[in-house]
Amino acid sequence: MARVYNFSAGPAVLPLEVLKEAQEEMLDYRGSGMSVMEMSHRGKVFDGIIKEAEKDLREIMNIPDNYKVLFLQGGAHQQFSAVPMNMTRNGKAAYIITGQWSKRAFQEAGKYTDAVAVASSADKTFSYIPDCSDLPIPEDADYVYICENNTIYGTKFWELPNTKGHELVSDISSCFLSEPIDVTKYGVLYGGVQKNVGPAGVVIAIIREDLITDDVLPYTPTMLKWKTQADNDSLYNTPPAYGIYICGKVFKWIKAQGGLAAMKERNEKKAALLYDYLDHSKLFKGTVVKKDRSIMNVPFIIGDKDLEAQFIKEAAENSLVSLKGHRSVGGMRASIYNAMPYEGVEALVAFMKKFEEEHTER
């Protein structure tokens, strides 16, 4: 069977070149006589894999030496707890609520600190990013938290909030490695890799070293202490070894494509094609305020649930899969991550045009 165009929000499409390389090395990784799935994480071979992956990621993102790179488990959700446990000093934190995941992070943080919602776009179903130029951030807040790209609702912080001198913590799961980023503007960045970087099971955290201390909440589990992981180079326990190996291959692929500047250019081109069609369509409609649109996740609707269900079904029959919107919002959503080729978006737009012609009164 031919490969489909997979618009899933995550686990998501991976570069074909990476999958083919992994396939070739499945039974014997570079003469080791075994798969990366089988080898010891303490062995010399895997040590080379994880160190090279970190080296390449540092190069791609231009990560300064005073930031640690941690390959962790538990997904972004586990960091919802780890962030307040590791960052709480004064017992207060500011959260900007722009979707499902920042809302969950806010609720989780409330178990460990006085979490204050300083802005929200819930009033308009998270269809925009609130003005963050002059937020009522408590002076004693330990950090300001955002989810930078909202996978479900299709919004993106194109300008970082004014944190008024407080540390910025950002969940970058669905915009990870999609464009150049200035790491120095953040105290902590983290993201689950299953959207744009690798297979599910790995979360990468990039944390400034001075924020990694033993001064954490007293009941913080050993596994959730950033210092535990940093002191052991992400090898305190058995890491998600095969996932890290695939991430390393994706890093190589990004470098070969021209780095993050090239990724941004490609992603903008794909997004422009789809948004331009949506802006002129009589049947389909985008749901996000233009200035806040994500170039990774594009939600759209018809407004007729039966017709939307028919569209999703017929699209799948035409090898355009996983276009159903998140269960909490409905409609459709096309996730067009780094590995989605331009041809995939062209095929989607062509099918949408055909569907529109068939279901629009003349």
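Glu59 is partly exposed, with a relative accessible area of 49%. The model is predicted.

Glu59 has a charged partner. Its salt bridge is with Lys255, and the closest N and O atoms are 3.2 Å apart. This pair ties distant parts of the chain together: Glu59 belongs to helix 2, Lys255 to helix 6 (residues 241–257), and 196 residues separate them. Lys255 is partly exposed too, at 30% relative accessibility.

Other pairs are local. In helix 9 (residues 342–359), Glu358 and Lys354 are four residues apart, so about one helical turn separates them. Their salt bridge brings the closest N and O atoms to 3.0 Å. Glu358 is partly exposed at 46%, and Lys354 is partly exposed at 45%. Back at Glu59, salt bridges with shared partners join Glu52, Asp56, Glu59, Lys252 and Lys255 into one network.

Asp292 and Lys291 meet in a salt bridge with an N to O distance of 3.2 Å. Asp292 is buried, with a relative accessible area of 6%, whereas Lys291 is exposed at 60%. Across the whole structure, a search finds 25 salt bridges. The chain carries 42 positive and 48 negative side chains. The centres of these two sets lie 2 Å apart.

Now the overall fold. The chain has nine helices and 14 strands. Its C-alpha trace spans about 70 × 60 × 30 Å along the principal axes. The radius of gyration is 21 Å, which agrees with the value near 21 Å for a compact globule of 362 residues. Buried residues make up 56% of the chain. Among contacts with a separation of 6 or more, 68% join residues 24 or more positions apart. The accessible surface comes to about 16,200 Å², and carbon and sulfur atoms account for 49% of that area.

Between strand 1 (5–6) and helix 1 (16–24) lies Pro11. The peptide bond from Gly10 to Pro11 is cis, with omega near 0 degrees.

Two non-glycine residues have positive phi. Asn62 has phi near 55 degrees and sits in the loop between helix 2 (44–61) and strand 2 (67–72). Leu177 has phi of about 60 degrees and lies in the loop between strand 8 (167–171) and strand 9 (188–192). Leu177 counts as buried, at 3%.

Technical notes. Residues numbered from 1 in each chain as written. Predicted model: local features only at pLDDT ≥ 70, side-chain atom pairs only at ≥ 80, totals over all residues. Heavy atoms only, no water. Rg over C-alpha atoms; globule rule 2.2 N^0.38 Å. Buried < 20%, exposed > 50% of the residue type's maximum accessible area, 1.4 Å probe, protein only. Contact = heavy atoms within 4.5 Å. Areas by Shrake-Rupley, 256 points an atom, 1.4 Å probe, with all protein chains shown as cover. Lys, Arg positive; Asp, Glu negative; His and termini not counted. Charge placed at Lys NZ, Arg CZ, Asp CG, Glu CD. Salt bridge = Lys/Arg side-chain N within 4 Å of Asp/Glu carboxyl O.
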